[in-house]
Amino acid sequence: MSGTGIGAAVRRKEDQRFITGKGQYTDDVARHGQAAIYFIRSPHAHAKIKKIDTSRTEKMPGVVGVFTGAQFAEDKLGNLICGWTVLSKDGSPMKMAPHAAIAAGKANHVGDAVAVVIADTLAQAKDAAEKVVVDYDVLPAVVDPMKATAKGAPLIHEAAPNNTIYNWHIGDADATNVALKNAKHVTTLEFVNNRLVPNAMEPRAAIAEYDAASGSLTLWNASQNPHVARLVISAFVGMAPENKLRVIAPDVGGGFGSKIFIYPEEVVCLWAARKLHRPVKWTCERSESFLTDAHGRDHVTRAQMAFDAEGKIIGLKVHTTANLGAYMSTFSSAVPTFLYATLLSGQYAIPHIYCEVDAVYTNTVPVDAYRGAGRPEATFVVERLVEVGARELGVSPADLRKKNFVKTFPYQTSVASLYDAGDYNASLQKALQIHDYKDFGKRKRESERHGKLRGIGFANYIEACGVAPSSLVGQLGAGVGLWESAEVRVNPTGSVELLTGCHQHGQGHETTFAQLVAERLGITIDQVNVVHGDTDKVQFGMGTYGSRSGAVGMSAVVKALDKVEAKAKKIAAHLMEAAESDLVFKDGKFTVAGTDKSLAWGEVALGAYVAHKFPTSEIEPGLKESAFYDPTNFTFPAGCHICEVEIDPETGHTEIMSWTAVDDFGTVINPMIVEGQVHGGVAQGVGQALLEHTVYDTNGQLVTGSYMDYAMPRADDLPSFKVDTTFTKCPSNPLGIKGCGEAGAIAAPAAVMNAITNAIGTEKIDMPATPQNIWATLQKMNRPQQAAA
Amino acid sequence: MYAFTLHRPETVRQAAGLLTKNEDGKLLAGGQTLLPTMKLRLAGPPQIIDMTKVEGLTGIEESGRGVTIGAMTRHYEVNGSPVVQQAIPALAKMAGMIGDPAVRHRGTIGGSIANNDPNADYPAACMALGATIITNKRRIKADDFFTGMFSTALGPTEIITKVSFPIAKKAAYQKFRNQASRFALVGVFVAKRGSEIRVAVTGAGSNGVFRVPSFEEALKKRFSPKSLEGMTIPADGMNSDIHGSAEYRAHLVGVLARRAVADAIGKPIA
Amino acid sequence: MASTEMTVSMTVNGKPITATIDPRTLLVQLLRENLRLTGTHVGCDTSQCGACVVHVNGQAIKSCTALALTLDGADVLTIEGLAPADGPLHPMQEAFRENHGLQCGFCTPGMIMTAVDIVRRKGHDLEDRTIREELEGNICRCTGYHNIVKAIAAGAKTMGGGAPTSQAAE
C-alpha cells in the first residue's frame with residue numbers, strides 16, 4: 001500500500017473548497033437575468049381545485065409570469081413516473097396514478113403545487129403569490145395507511161381502487177405457516193416504522209436556462225443522479241430531447257436518497273424558463289422541503305418468528321402495509337418490496353419466510369428511498385424479533401444469534417437473496433469484546449444506584465448494496481439497468497481525468513476514486529481529477545445511492561483502467577522495442593523483464609499522443625478508455641452494532657452511553673471516510689429511534705413541518721462511536737468492495753430499541769422513543785402495580 | 001418577509017414617539033423571535049422600530065440589594081457578567097441556557113420579556129426572583145407584568161428600559177428542552193430570598209408563565225427537595241401537544257422543581 | 001406596500017462595503033446575493049441549523065436572523081475571510097480537514113465559524129461534552145458530529161499554540 005493508495009486514510013481533496021466557503025452548490029449559481037419562482041401549494045390534504053384567479057397579480061411589481069396546472073397541462077407534457085413496476089400477487093401491475101408537475105383539478109397532499117409565480121425577486125414573487133386566489137372544494141382526507149383501504153375511505157386516484165397500489169408477496173406461505181404451527185415458541189411483534197423526513201442540510205434547488213439560439217435547456221439541480229434526471233425529464237416528461245437538455249449537479253449538500261428522485265420543481269423551472277426566455281431559479285425553503293422532499297419509511301408491520309426447541313429459527317412471517325403517500329415517487333415501489341423483503345433472512349439461516357406487502361396511497365407527501373431504503377425496516381423486523389425471542393426464551397441474545405447465523409457461503413435465502421460471503425460471528429465476537437459486554441451487569445447496577453435504567457441492545461444487520469445486476473432488476477420490474485460507467489482520459493503528461501457516472505454529495509469520491517487510479521497508474525492523487533455530475537461531460541451514469549459507488553462505480557473504473565493499461569502496454573512495447581508479453585507494469589513504470597529497460601508512466605502517455613513510434617494502423621494514437629460495468633450480484637455488507645443506553649425514569653430521557661460498530665464492508669479504500677459514513681449513518685438511525693417523527697393530524701396537516709417540531713439529532717444527542725471492521729472479500733467485484741454508506745442507518749434503530757426495551761422491561765413501545773413516549777410507557781407499566789400497592 | 005419601513009430611533013423618547021405615530025409599529029430588539037416569525041410571513045408589521053441605536057438601554061448595574069439590567073442587554077452579557085454571577089448566579093446560568101450561543105449574542109432580556117413566549121426562559125426567572133420591569137412610564141412587578149400567552153401589561157407606547165432583580169443566592173433554574181425546538185418544554189425556576197420562596201414555571205402552562213403556590217408552601221417549611229417528594233400539579237391548564245401531553249408536562253413540573261431546589265441548596269441530583 | 005430602500009455600510013472581511021437595500025434584506029442575503037459571498041449558507045428558516053453563522057464584531061451570530069440595516073457600521077467576518085486568500089488556512093479549517101470533520105460541506109462554514117467562536121469564549125482545552133453543548137445551534141446531517149467534535153478539540157489546541165491536529169502529531 002502506498003501512502004495514498006487503497007486502504008490509506010487520505011485527507012480529502014475536495015475539502016479545500018468546502019472549508020474555505022468556495023463550494024458551488026446550486027443556490028450559489030447565479031445566471032444573468034435570472035428570475036425567482038415561487039410555488040403556490042395546496043394548504044389542504046385533499047381538495048378539488050375549482051378556480052384559480054390570478055388577475056390580481058398583474059399589477060404587482062416585478063412579476064413576469066403566473067401559471068397554473070391547467071396551463072401546464074395545455075402544453076401536453078408527460079407525468080412524473082415511478083420507474084419500477086411491481087406486480088401484485090395476482091400478476092396485475094401496480095396502480096400508478098398520473099402525477100402532473102403542477103396539480104390540475106385536484107390537490108392530493110398539503111404542499112402539492114397548484115400554481116407558480118415568477119418574478120424578478122423572490123420577495124416579489126411571494127408578494128404576488130398572496131394575490132392569487134385559489135378556490136378549493138375541500139375533500140375528506142386519509143393519512144393513516146391502515147385506514148386508506150377501509151370501506152368508505154376517500155378515494156385519492158381513480159386509477160387505484162381502494163387506494164391500493166399493489167398487494168405483493170414473496171416466499172412460501174404454506175411452508176411458513178406449517179413452521180409457525182410446529183414451532184416450540186413463536187415471538188410476535190406489531191409495530192410502526194416511523195415516517196422520516198430526510199433533511200439533507202442543503203435544501204433542494206434548481207435553476208433552468210433556455211438558450212433560444214440552440215433550442216437547448218440547461219438545468220442546475222441538486223441531484224444524486226443527473227443523467228437519470230435528464231432521461232426521465234426527456235423521455236417521460238417530454239421536456240426536450242436528451243441532446244438538447246443538459247443537467248448539472250454541482251456540489252450537492254447531502255442527499256440520503258431524497259435527491260435521487262425527479263421532482264415537479266425542476267420540471268416546472270425548465271418549462272417556465274423556456275416559456276419566459278429567462279433563467280428561472282428555485283431554492284427550497286426548509287419548511288417547504290418538509291412538504292415536498294420524498295419522505296422515508298412509514299411501515300405498519302406485524303411479524304412472527306418461529307423457534308424450535310433448540311432455539312433454531314424455523315420460520316418468519318411478515319405482513320407490512322407501506323404508505324407511499326399521494327403519488328408514486330421515482331423508485332417508491334421497489335423500496336418496501338425488493339429492497340425490504342429480500343433481506344428478511346437477516347444474518348440467519350431461516351428455512352421458511354413469507355412476507356406480504358400492501359402499498360397504499362394516502363394524502364401525504366410521497367414516500368421513497370431514504371438512507372437504507374427498505375433495509376433498515378427489514379433489519380428492524382428481524383433484529384427486534386430475535387432479541388425479543390431471546391428474552392422470551394430466556395437465552396442470551398448473542399448466543400441465540402450465534403446459533404442461527406448463516407455459516408457457509410454462498411447461502412441461498414428463502415427470499416431470493418444469495419449471500420456471497422461473510423463471517424457474522426467474527427463481527428459479533430469483536431463487537432462484544434470492544435464493547436466490554438461482559439461487564440454490562442456491573443454498569444447496570446451502577447446506573448441503578450443513581451436511579452437510572454440501563455439497557456443494552458444488538459443489531460446484527462445485513463444489507464444488499466451494489467445495486468444492481470441489470471438483468472436481475474429488469475426481471476423484477478426496474479425500468480433501467482443499474483450498471484455504472486467510467487472513462488479514464490490520460491493526458492499526454494500522464495495526469496488523468498476520471499469521469500464517473502457516480503455523483504458525490506458527501507462521500508468523498510474526488511478522493512477515493514483518485515486513490516484507486518493513482519495506485520493503479522503509480523501517479524499521485526493530485527494528478528487525478530475526478531469529473532462527475534454533468535451530463536455534457538460524463539456520457540451516462542446511474543448516480544449514487546444504495547451504497548453502490550464503490551462496488552459498482554469503482555468496478556467500472558477498474559475495467560477502464562484495465563483497458564488503459566493494456567493499450568499503454570502495447571505502446572510501451574513498441575517504444576522499448578520489446579515483446580509485450582515481457583513487459584511488467586508496476587509502481588508507475590513499464591519494465592522489460594530480464595533487462596534494465598524501463599519507461600515511466602508519463603513517458604508512455606506522451607508516446608501514445610506523439611504517436612511516432614508505433615503503427616497507428618494497428619494501434620490508435622491517444623490514451624483514453626471507457627467501460628460499463630454491470631454487477632453480477634448484489635453485495636452483502638453486514639455487521640454487529642451494540643448500543644448501550646441509560647434512561648432517566650423520572651423524565652423518560654434516554655442518553656446513549658456507548659456505541660460499538662463492527663462492520664464487514666469488504667475492501668476499504670479509505671478507512672477515514674468509511675468510518676465517517678458509519679458515524680453519520682448511526683446518527684440518522686439514532687434520530688429515527690429517539691427523535692425524528694413525522695406527524696400528520698387527521699386532516700392531513702403536517703404537524704412536524706419545521707425544525708421547531710421535527711427533532712433533528714444534535715451533537716449533544718449522540719456519543720462518540722467506537723467503530724471497527726472485520727473483513728471478508730466480496731467475491732463478485734474486482735476490488736472486493738461491499739459498500740458502507742447505509743450500514744449505520746440500517747443497524748441503529750433496532751440496536752437502540754433493543755437497548756431501550758431491555759432497560760424499561762417492555763416491548764410495547766414504538767419509535768421514536770422520545771422522553772414523553774418512554775415516560776408514558778413506564779406509567780402504563782406501573783399503573784397496575786400502584787393500584788395493587 | 002412582508003415589506004416594512006424601518007425606523008432607527010436614537011432615544012427612548014423617539015422610539016415611543018414612533019410607536020405613538022404608528023399604531024402598527026413593532027419594536028425590534030435582538031430579533032431572535034420576531035425575525036423568524038416575519039421570515040415565515042406569520043407576522044408582517046409594516047413599521048419596524050429598531051432599538052439597536054437607542055442610548056442607555058444596555059448595561060448591568062448592582063444597586064444595593066439588586067441588579068439592574070438594561071433592556072437591550074444581550075443574553076451572553078448577562079451570562080458572562082461577574083456582577084450577575086456574584087449576586088444571582090442562577091440568573092447568569094439561566095441566561096446561558098437560552099437558545100444557542102449565536103442566539104445569545106443577539107437576543108435581549110427586554111425582547112424576551114416583552115414577547116412573553118410561553119416557552120421562553122426569562123419570564124420564569126422574573127417571576128421567581130420577583131423582578132421589577134421598568135418602562136419609560138412606570139415600574140411593574142413581574143407578578144403583574146405577565147398576563148398570558150404572548151401578552152403582557154405593557155401599554156401600546158410603553159417600552160421596557162430596564163429589569164431589576166433583587167439579589168437571590170439560593171435559586172436555580174431547571175430546563176427540560178423540547179427536543180426539536182430546544183425551547184423549554186418545561187422550565188422551573190425556584191428562588192429563596194429570606195422567607196420568601198417562589199416557584200415559577202415556563203413552557204408548561206397554556207396561559208404562559210405561572211407560579212406554584214402549593215410547592216412554595218411546602219418549601220417554606222423546609223427548603224429541600226424532600227419537601228416536594230410525591231407532589232405534582234394538576235394537568236388542567238397545561239399545554240398539550242405532540243412533544244408533551246398535559247400530564248407529562250404537569251409531571252415534569254414536579255420533577256424539575258425538586259431538581260432545581262436541589263441545585264439551589266448546592267446538592268444537585270445526578 | 002413597497003419598501004423604501006436604505007443604505008448600509010459595514011466592513012466585510014476587512015473591506016468596507018456600502019449597499020442600498022430593501023429593509024427586509026437579511027445579513028445572509030446581503031452577503032450571498034449582493035456581495036456574492038456564497039460560503040455562508042441557508043439550511044433552515046427557523047434559525048436553528050447554523051449553516052449561516054458568521055462573526056459580527058467578533059461574535060458568532062446567525063446571519064439569517066439579523067436585518068442587514070441594523071448592522072450598519074459592523075465588522076463582519078465570513079468563512080471567506082477567515083484565512084488570507086493566498087495564505088495558509090486558519091487552524092480550525094485545517095483541523096476540519098485533518099479530522100474529516102465534514103462530508104457534504106454544506107454545514108461546514110457555519111460549523112467552522114461557530115468553532116472559532118467557541119474557542120474565543122471557552123479556551124483551547126475543550127472537553128467533548130463542552131463542544132457538544134456549544135454546538136446546540138449547528139445541525140449536521142452527515143457526520144454524526146463525531147469528527148466535528150474531534151476537529152474542534154484539535155483546532156482549539158492548535159489555535160492556542162499547542163500541538164497541532166491529531167494526525168500531524170503522530
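So, the contacts of A:His574: beyond its neighbours within four places in sequence, A:His574 is in contact with A:Lys613 and A:Phe614. Contact here is C-beta atoms, placed from the backbone, lying within 7 Å. Before I go on, this is a predicted model, where local features need pLDDT of at least 70, side-chain atom pairs count only at pLDDT 80 or more, and totals for chains, interfaces and linings use all residues. Residues are numbered from 1 along each chain as its sequence is written, with chains lettered from A and ligands numbered from 1 in the order in which they are written.

Back to A:His574. You'll find A:His574 in helix α15 of chain A, residues 549-575. Helices (H or I, at least four residues) and strands (E, at least two) are DSSP runs, numbered from the N terminus. Is A:His574 buried, exposed or partly exposed? Partly exposed, because it has 17 C-beta neighbours inside 10 Å; buried takes 20 or more other C-beta atoms within 10 Å, exposed takes 12 or fewer, and partly exposed is in between, with C-beta atoms placed from the backbone. And A:Thr544, 30 residues from A:His574 in sequence, sits 40 Å off, C-alpha to C-alpha.

Compare A:Leu339, in the loop between β14 (313-323) and β15 (353-360) of chain A. A:Leu339 is buried, because 23 other C-beta atoms lie within 10 Å. Leaving aside neighbours within four places in sequence, A:Leu339 is in contact with A:Ala334, A:Ala373, A:Gly374 and A:Arg375.

Next, some strands. In chain A, β27 (residues 653-664) and β28 (residues 722-726) run parallel, joined by five bridges; pairing needs at least two bridges found by DSSP. Across that pair, A:Val662 stands opposite A:Asp724 in β28(A).

On to the core. The largest nonpolar core has 409 residues, and A:Val116, A:Val117 and B:Val190 touch the most other members. A core is a set of buried Ala, Val, Leu, Ile, Met, Phe, Trp, Tyr and Cys residues joined through C-beta atoms within 7 Å. Not counting residues up to four places away in sequence, A:Val116 touches several residues, among them A:Phe39, A:Phe67 and A:Val268.

Conventions. Two residues are in contact if their C-beta atoms, placed from the backbone, lie within 7 Å.
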